[in-house]
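Dear colleague,

I am passing on the structure we spoke about, and below it you will find my notes on what turned up. Please read them alongside the model itself.

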Amino acid sequence: MGVVVQFPVPKKSPRSERLTAMTAAEIADVVAAHEEAVVEGAVDEVERLGDLLDEIGRERRLAGLPERPAA
């Protein structure tokens with residue numbers, strides 16, 4: 001008889017839940033803010049928003065969702 005090992009399923013953090021639940025309009029707002037920061041040359045803001053967009057895409061992919069929800 002084999003031994004069955006069950007690993008606990010990691011619980012999603014509240015931040016992960018919020019990022020996964022973002023609507024298309026909310027993501028579009030982040031994209032627009034990122035583009036505006038690029039135009040203004042706000043390097044820190046460009047980096048911060050770029051990281052946020054990467055995180056949104058990653059969390060949505062992990063949840064089996066498209067990176068950007070349909071509009």
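**Salt bridges and surface patches**

R48 counts as partly exposed, because its relative accessibility is 46%, where partly exposed is the range between buried (under 20% relative accessible area) and exposed (over 50%), with a 1.4 Å probe and protein chains only. Before going further, please note that this is a predicted model, in which local features need pLDDT of at least 70 and side-chain atom pairs count only at pLDDT 80 or more, while totals for chains, interfaces and linings use all residues. Residues are numbered from 1 along each chain as its sequence is written, and side-chain values use heavy atoms, with hydrogens and water left out.

The side chain of R48 meets that of E45 in a salt bridge (2.8 Å, N to O), a term that stands for a side-chain nitrogen of Lys or Arg within 4 Å of a carboxyl oxygen of Asp or Glu. Both E45 and R48 belong to helix α3, 3 residues apart, which is about one turn of the helix; helices here are DSSP runs (H or I, at least four residues), numbered from the N terminus. E45 is partly exposed as well, with a relative accessible area of 31%.

By this rule the count comes to 2 salt bridges, and one of them joins the side chains of E55 and R15 (2.8 Å, N to O). This pair links distant parts of the chain, since E55 sits in helix α3 and R15 in helix α1, 40 residues apart. E55 counts as buried because its relative accessibility is 18%, whereas R15, at 40%, counts as partly exposed.

On the surface, D44, E47, D51 and D54 gather in a patch of negative charge, where patches are made of residues with over 30% relative accessible area and no salt bridge, and like charges are joined within 9 Å. Asp and Glu count as negative, and the place of a charge is taken as CG of Asp or CD of Glu. D44 lies in helix α3, which covers residues 43-62, and D44 is exposed at a relative accessible area of 66%.

A nonpolar patch is formed by V3, V5 and F7, with about 400 Å² of accessible area together; for such patches, nonpolar side chains (Val, Leu, Ile, Met, Phe, Trp, Tyr) are joined within 5 Å, and the areas come from the Shrake-Rupley method with a 1.4 Å probe. V3 is placed in the segment before α1 (14-20) and is exposed, with a relative accessible area of 75%. The C-alpha atoms of V3 and V31, 28 residues apart along the chain, are separated by 49 Å.

Methods. Helix = DSSP H or I, 4+ residues; strand = E, 2+ residues; numbered from the N terminus.
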